Amino acid sequence: MCGIVGYIGEKNAVDIVLDGLKKLEYRGYDSSGIAVVKDGQLQIRRSVGKLKNLEENIEKKHLKANISIGHTRWATHGKPSEENAHPHTDPTKSIVIVHNGIIENYAELKSGLEKEGKEFKSETDSEVIAHLIKKHYKNNLLFAVQETLKEIKGSYALGVICKDEPDKIICARQDAPLIVGIGEGENFLASDIPALLSYTRDMIFLENGDIAELTANKITITDIENNVKKREVKNIKWDCVQAEKEGYKHFMLKEIHEQPRTIEDTFRGRIYPDEGRVYLEEVKLSKEDIKNISNVYIVACGTSYHSGLVSKFLFENFAKMHTEVDIASEFRYREPILNDRILVIVISQSGETADTLAALRLAKSKGCITLAVCNIVGSSMSREADHVLYTHCGPEICVASTKAFTGQIAALYMLALDWACRKESLSKEELKKYLKELWEVPVKVGNFLKQAESVHEVAKKFAHKRDFLYLGRNVNYPVALEGALKLKEISYIHAEGYAAGEMKHGPIALIDDDMPVVAIAVKSRVYKKIISNIEEAKARGGTIILIASESDKTALDKGDNVIYVPDCDEFISPILSVIPLQLLSYYVAVMLGCDVDQPRNLAKSVTVE
């Protein structure tokens with residue numbers, strides 16, 4: 001998500017770091033900054049918005065140096081602002097850091113430092129790192145970083161420089177990617193490969209617990225106890241486009257595989273399962289405001305509409321709020337009943353979808369409370385809505401949306417739980433249970449993706465079919481709609497998604513031995529109902545592709561082809577059950593030779609009606 005770049009050598013570090021940050025723009029960000037050591041002093045420049053704002057800031061000051069670290073930030077703790085942008089420094093401005101990740105115990109650490117008289121300039125969790133390094137600093141930057149990391153709990157990719165040791169960069173990694181680039185008389189630091197490819201192909205991928213000391217001519221890797229570590233140097237043969245794809249053949253496949261990270265990025269810093277607490281600082285509605293809401297309208301298009309359908313189940317089951325879901329292009333033409341006690345939630349990956357934006361403006365004109373769920377900071381919807389809830393999914397290059405869908409569900413799941421807590425419609429123990437379910441999803445998605453070949457094998461059997469029927473019930477009915485949409489979008493195969501209980505009201509007439517039926521039958525309160533619908537399809541000669549819970553020992557008796565997903569609570573299951581449907585669509589489209597990332601007639605953002 002956030003980007004880190006560092007350089008030490010004889011060249012102008014500022015130019016190299018800025019160029020590296022530009023190569024990471026595709027990851028998404030809302031602010032940026034750079035720090036150098038020049039003539040024994042730290043100099044820092046930070047700007048909100050695009051990198052061009054930072055470049056203009058730097059050009060005004062003619063900033064040049066031989067050592068620098070830079071950062072692009074996507075807000076987690078603290079709003080996008082110059083004060084919250086990285087790099088961060090200690091009060092004496094002798095230590096400066098850039099950080100990706102989450103410091104889970106930052107509140108406790110910050111409180112202790114404030115009791116010692118330390119003043120903080122930002123709202124971020126990252127600033128405590130700079131204060132702690134300064135506290136431990138005794139003319140040995142590596143030692144100070146090692147001692148600091150002994151106090152920190154959480155994830156980090158970290159870059160540190162010090163005005164009193166201008167010949168080195170210290171970096172460290174724990175559960176966040178960090179790469180060291182090797183040059184001749186120069187060395188590099190980055191959070192992702194594309195930032196460095198213009199300068200070196202030789203890279204070391206730091207492992208969890210690694211702490212590296214970089215000078216212009218040497219790289220030393222140790223751990224927290226100063227034990228020296230040996231790491232393999234890898235030569236990267238990708239070009240820049242391949243680097244952005246991280247070795248995947250298509251952006252769609254890369255984005256499917258990014259979902260463990262993007263789901264976690266969406267909830268990290270916002271949920272605390274052990275405490276049973278949700279913290280959504282962008283949504284300023286009070287407890288009384290929430291209780292006064294009479295109805296919720298969710299308005300969206302395409303894939304975002306399907307995530308809205310999932311969230312209807314969440315708001316009604318958890319928060320006990322009457323919820324309707326509308327297609328944005330129809331919403332404003334049906335004269336909806338709107339007033340100041342109605343909340344209208346608009347969902348859009350880009351925040352610029354024309355029909356959804358028009359629906360937002362209609363809602364505002366009628367005095368409704370408005371909330372935008374979107375991925376792009378500074379988009380029209382994020383500016384115009386009363387409240388905004390960002391999904392931290394990074395840019396989605398493929399036209400067919402994948403990680404945006406799961407990110408939106410994760411965000412709305414948090415929102416529904418937060419409001420359920422405030423309305424006291426869920427107990428503390430129930431809240432902890434559901435938050436724990438969300439917390440575990442990234443690992444479960446990652447585990448499933450390791451077995452993606454099982455979906456590939458199913459795709460091989462059915463790529464020649466020209467019609468598919470997708471069935472789901474309850475909270476997984478919208479997933480059936482989404483699965484069918486994905487297949488249509490990128491393979492141009494006719495597919496329909498249906499609520500399984502509606503099959504007897506028409507679609508069952510289509511079923512024969514040439515019509516694959518994709519059925520989502522994970523463990524849930526309607527499990528027996530969907531199994532009954534599957535039996536009806538089989539009796540008409542339908543070939544069943546079954547999405548089942550891995551603990552379901554009878555699944556093989558019910559489906560001709562079974563794809564198992566990890567067990568989870570039914571309300572979180574759409575995030576898991578959609579992954580095999582995304583992969584199925586992808587593999588079928590590739591086999592048919594379709595342009596997966598840019599399917600015909602489609603645009604990424606529909607910005608005209």
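**Working chat: a predicted model**

User: Where is Ser32 placed? And is Ser32 buried or exposed?
Analyst: Ser32 belongs to strand S2, residues 31-38. Its relative accessible area is 1%, under the 20% cut-off, so Ser32 is buried.

User: Back up to the whole chain. How many helices and strands does the protein have?
Analyst: There are 20 helices and 26 strands. The C-alpha trace spans about 80 × 55 × 45 Å along the principal axes.

User: What radius of gyration does the protein have, against that of a compact globule?
Analyst: The protein has 25 Å; a compact globule of 609 residues would be near 25 Å, so the two agree.

User: What share of the residues is buried? And what about contacts between residues 24 or more positions apart?
Analyst: Buried residues are 61% of the 609. Among contacts with a separation of 6 or more, 71% join residues 24 or more positions apart.

User: What about the surface and the charges?
Analyst: The accessible surface is about 23600 Å², with 47% of that belonging to carbon and sulfur atoms. The side chains include 80 positive and 88 negative ones, and the centres of these two sets lie 1 Å apart.

User: Which residues touch the most other members of the largest nonpolar core?
Analyst: Phe318, Ile345, Leu415, Trp419, Tyr470 and Leu583 do, in a core of 96 residues. Helix H14 (residues 403-423) gives the most to this core, namely twelve residues.

User: Take Leu583. What is Leu583 in contact with, leaving aside neighbours within four places in sequence?
Analyst: Leu583 is in contact with Leu253, Ile256, Phe448, Leu449, Ala452 and Val455.

User: New topic: helix H4. Why is H4 described as largely enclosed?
Analyst: Because eight of the ten residues of H4 (residues 127-136) are buried, the helix is largely enclosed by the rest of the structure. The buried ones are Glu127, Val128, Ile129, Ala130, His131, Leu132, Ile133 and His136.

User: What do those buried residues of H4 pack against?
Analyst: They pack against S5, strand S6 (95-100), helix H3 (106-115), helix H5 (141-149) and strand S7 (156-162).

User: Last item, backbone angles. What is phi of Lys320, and of Asn474?
Analyst: Lys320 has a positive phi of about 55° without being a glycine. Phi of Asn474 is also positive, near 55°, and Asn474 is likewise a residue other than glycine. Most residues other than glycine have a negative phi.

User: Where do Lys320 and Asn474 sit?
Analyst: Lys320 is in the loop between helix H10 (302-317) and strand S18 (323-327). Asn474 is in the loop between strand S22 (467-472) and helix H17 (477-491).

User: And how accessible are Lys320 and Asn474?
Analyst: Lys320 has 53% relative accessibility, over the 50% cut-off, so it counts as exposed. Asn474 is at 23%, so it counts as partly exposed.

Definitions and conventions:
Residues are numbered from 1 along each chain as its sequence is written. This is a predicted model: local features need pLDDT of at least 70, side-chain atom pairs count only at pLDDT 80 or more; totals for chains, interfaces and linings use all residues. Side-chain values use heavy atoms; hydrogens and water are left out. Helices (H or I, at least four residues) and strands (E, at least two) are DSSP runs, numbered from the N terminus. The radius of gyration is taken over C-alpha atoms; the globule rule is 2.2 Å times the number of residues to the power 0.38. Buried means under 20% relative accessible area, exposed over 50%, partly exposed in between (1.4 Å probe, protein chains only). Contact means heavy atoms within 4.5 Å. Accessible areas come from the Shrake-Rupley method with a 1.4 Å probe; for residues, only the protein chains shown count as cover. Lys and Arg count as positive and Asp and Glu as negative; His and the chain ends are not counted. The place of a charge is taken as NZ of Lys, CZ of Arg, CG of Asp or CD of Glu. A nonpolar core is a set of buried Ala, Val, Leu, Ile, Met, Phe, Trp, Tyr and Cys residues joined through side-chain atoms within 4.5 Å.
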